[in-house]
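Please have the sequence and the 3D view open while I talk.

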Amino acid sequence: MDNKQNNLTDNKNPKRSRPAGATVTIRDMLSIVAVILVSTIAVLFIALNFNANESTIAIEDRYRDFGNNWRVQVGDRDEIVSLPAHIHAGPNESIIMSKELPKLSQYYAVVTRNYHQRLVAYVDGEVIYEFPSPSKIIDNAIITDDWNTIRLKEDMTGHTFTLELKTGNYGFNGSIQPLYLGEDNSLVQYIRSSTALSYGMAVSVLALGVVLIVLGIVYSKYNEDRSQVIAGLMLVAIGIWVTNRSKMPLLLVGSSVKYYLSFISLMLESILILLYTGEKFKNKNRKLTTRLLVGFSIFLLAVVGLVHIFKLPVDQAVPFAYAAIFFSSLYLIIMLWPTSFGKESANLSTFVRRSNRIEFVATNVMVWGVVLSIVIDFILGNDRLWTDVGVLSKISLNVYAVGQLLVHIYRSYHNVEVRDELQGKLHDSQMELMMGQIQPHFIFNTLSSIRTLVKVDPDTAYNMIYDFSNYLRANVDNVTNLDGINFASEVEHIKSYVNIERVRFGDRLNMEYDIQASNFIVPPLSIQPLVENAIKHGVTKKIGGGTVWLRSYEEGNYNVVEVEDNGMGFTPERLIEITQSMTQERSSYDEYESEAQANLTGNGSEKHKSSAMRNIYLRLKEMANAEMEFTSKEGEGTKVRVLFPKQELQEQ
């Protein structure tokens with residue numbers, strides 16, 4: 001019989017195909033990644049190929065000439081300087097810069113970037129430009145930084161151009177950069193071209209974050225947690241900040257909106273890192289992660305509150321946000337170490353250990369690359385240490401983004417393979433279960449009973465043949481069914497089986513049905529084995545026999561099925577053994593398969609019979625997310641309750 005069973009399995013399923021539930025393949029996932037990455041490359045290519053309408057050399061020569069011989073007045077100081085120049089201004093002082101305009105042409109403009117100062121431009125004392133606009137300013141003391149295009153007219157040639165930079169109560173101690181003079185569109189194109197590489201590197205971090213979010217949503221059914229989506233949000237948040245700090249002139253987005261959006265993203269970054277850590281390590285240091293999450297949230301809210309109370313520029317809070325990001329990232333590194341290279345890694349699968357190591361290395365490159373970039377800027381005396389994001393920082397962030405993408409693609413690919421293998425094992429389990437139910441002795445006993453009844457009770461023999469054929473047909477039909485059947489169909493199958501056993505055991509077997517709910521989906525051949533166990537190992541082993549009850553009813557958000565008997569029951573030790581066997585993990589699918597082969601046929605040791613209940617539990621859990629409750633008392637009987645979440649199997 002075993003050889004026939006193996007032959008039947010091989011012929012029926014020579015090459016296992018992807019289950020119906022796995023509608024998205026790894027090829028689909030890689031296609032999505034390829035499309036988004038190609039789109040990103042296209043955007044970067046366009047950005048890197050911005051060309052000015054005028055010669056780049058001519059523009060640079062003009063802004064160098066225009067940067068010479070500016071009269072700068074700060075308080076009592078009055079001097080002539082060439083830009084760039086380092087200038088100090090106290091709280092609420094104005095920096096006034098003036099120069100005679102050279103010969104102008106149509107569409108000429110002065111393009112400059114303010115650094116958290118109010119900017120007012122005059123020609124011969126008449127205001128021609130203000131930033132921010134009085135009608136759009138959010139807070140007089142909290143000014144963003146952005147490119148300003150101050151348009152001029154031809155008749156302004158030879159007149160005095162004055163630029164007033166008004167500092168807030170925080171003062172100013174930095175460099176005034178050269179001002180660009182020329183045709184406004186050409187200047188904007190030139191600035192875009194000069195910032196394209198920096199901007200492209202920042203956009204790539206943002207794009208990779210979007211890729212992770214999309215893949216995390218598409219493959220959510222294959223992943224047990226939301227860490228992939230949170231990782232994508234982490235990259236999007238830091239990508240928004242770095243993109244804004246790349247100083248690419250953008251259209252259709254107001255400077256205040258753009259800056260505040262990037263600032264909020266930066267402040268959320270450390271929170272997202274801690275959320276990611278908590279999701280990735282759910283069962284490890286949960287309390288500490290939660291406390292850090294609450295503590296960092298309170299700390300950052302307090303920083304933002306103080307900045308607004310004292311009317312400081314928003315960038316004054318940036319160092320605190322960087323510190324929060326550093327310590328939260330350091331916490332992630334500490335959590336990754338044991339599962340990457342530490343002692344815990346030895347107990348993990350090769351897949352998990354390898355993906356953790358990739359992430360550990362990428363996270364370290366990101367953290368220490370950014371730290372090194374800040375240190376270098378500090379040594380070089382960068383006046384905008386916190387608001388400028390250097391090339392090294394962008395490279396480090398890109399390394400981390402690519403590392404995260406590789407980890408999660410690898411992880412999704414692995415989970416798809418595992419799910420496919422599990423679906424295949426469920427298929428094999430269906431076949432084994434069917435063959436296990438149709439045991440040689442069961443067929444022999446049934447046919448012998450029919451042969452005897454044909455002569456002494458033809459009507460009973462007729463009904464028994466009908467039940468036997470229904471029983472066999474239900475088993476064969478359900479071999480390849482992984483989509484579930486209506487519980488009413490499972491009940492009919494159970495009745496056919498019980499009717500056959502009643503002929504064999506007579507008055508020793510009594511069966512009672514209380515079916516209050518039947519219109520829900522269950523895995524095929526999932527309840528019938530429980531009834532069979534109750535009959536074979538419960539009531540028929542008891543002197544005088546007993547009763548088996550099959551009940552179904554609704555209980556809250558569950559459809560509940562009960563199989564109860566008043567048979568032999570189990571000792572407390574045996575009950576613990578069966579309960580533990582249901583929930584303990586197996587080291588491999590091969591171990592699961594070997595147990596299933598021995599148990600579903602009804603053969604094997606007591607240990608293997610315990611595992612038969614585990615195999616039933618696994619099928620219920622995997623196919624319907626059902627829970628099974630097992631209670632028993634020696635000499636009084638056993639009860640098994642199966643709780644099916646409503647609509648769960650249909651949704652899966």
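Predicted model: local features only at pLDDT ≥ 70, side-chain atom pairs only at ≥ 80, totals over all residues.

Which residue does the side chain of E562 meet in a salt bridge? The partner is R551, and the N to O distance between the two side chains is 2.9 Å. This pair links distant parts of the chain, since E562 belongs to strand β16, residues 558-565, while R551 belongs to strand β15, residues 546-555, and the two are eleven residues apart.

Is E562 buried or exposed? E562 has a relative accessible area of 7%, and because buried means under 20%, E562 counts as buried. Over the model, the count of salt bridges comes to 18.

Let me show two others from that count. The side chains of D78 and R71 meet in a salt bridge at 2.6 Å, N to O; here D78 is partly exposed, at 43% relative accessibility, and R71 is partly exposed as well, at 36%. In the salt bridge between K633 and E636, the closest N and O atoms are 3.7 Å apart, and E636 counts as exposed, with 51% relative accessibility.

Now to the helices. Two packed helices are described by the angle between their axes and the distance between the axes. For helix α4, residues 184-218, and helix α5, residues 227-245, the axes come within 7 Å and cross at roughly 160°. An angle over 145 degrees counts as roughly antiparallel, and α4 and α5 are therefore roughly antiparallel to each other. As for the handedness, α4 passes α5 in a left-handed crossing.

Please turn next to the surface. Which residues make the nonpolar patch of about 580 Å²? They are W337, F341, V361, V365, V391, I395 and V399. Helix α9, residues 350-379, and helix α10, residues 391-437, each supply at least two residues of this patch, and the largest share, three residues, comes from α10.

I will finish with the backbone, and with some places in the loops. The peptide bond that joins L83 and P84 is cis, with omega about 5°, and P84 lies in the loop between β2, residues 77-81, and β3, residues 85-89. A cis peptide bond also runs from F131 to P132, where omega is near -10°; P132 is found in the loop between β7, residues 126-131, and β8, residues 147-151.

N285, which is not a glycine either, has a positive phi of about 50°. N285 is found in the loop between α6, residues 255-280, and α7, residues 286-309, and is partly exposed, with a relative accessible area of 39%.

Definitions and conventions: Residues numbered from 1 in each chain as written. Heavy atoms only, no water. Patch = residues over 30% accessible without salt bridge, like charges linked within 9 Å, V, L, I, M, F, W, Y side chains within 5 Å. Areas by Shrake-Rupley, 256 points an atom, 1.4 Å probe, with all protein chains shown as cover. Salt bridge = Lys/Arg side-chain N within 4 Å of Asp/Glu carboxyl O. Helix = DSSP H or I, 4+ residues; strand = E, 2+ residues; numbered from the N terminus. Axes fitted to C-alpha atoms, helices over the stretch in contact; angles between N-to-C directions. Parallel < 35°, antiparallel > 145°, perpendicular 65-115°, else oblique. Left-handed = near helix turned anticlockwise from the far one by under 90°. Buried < 20%, exposed > 50% of the residue type's maximum accessible area, 1.4 Å probe, protein only.
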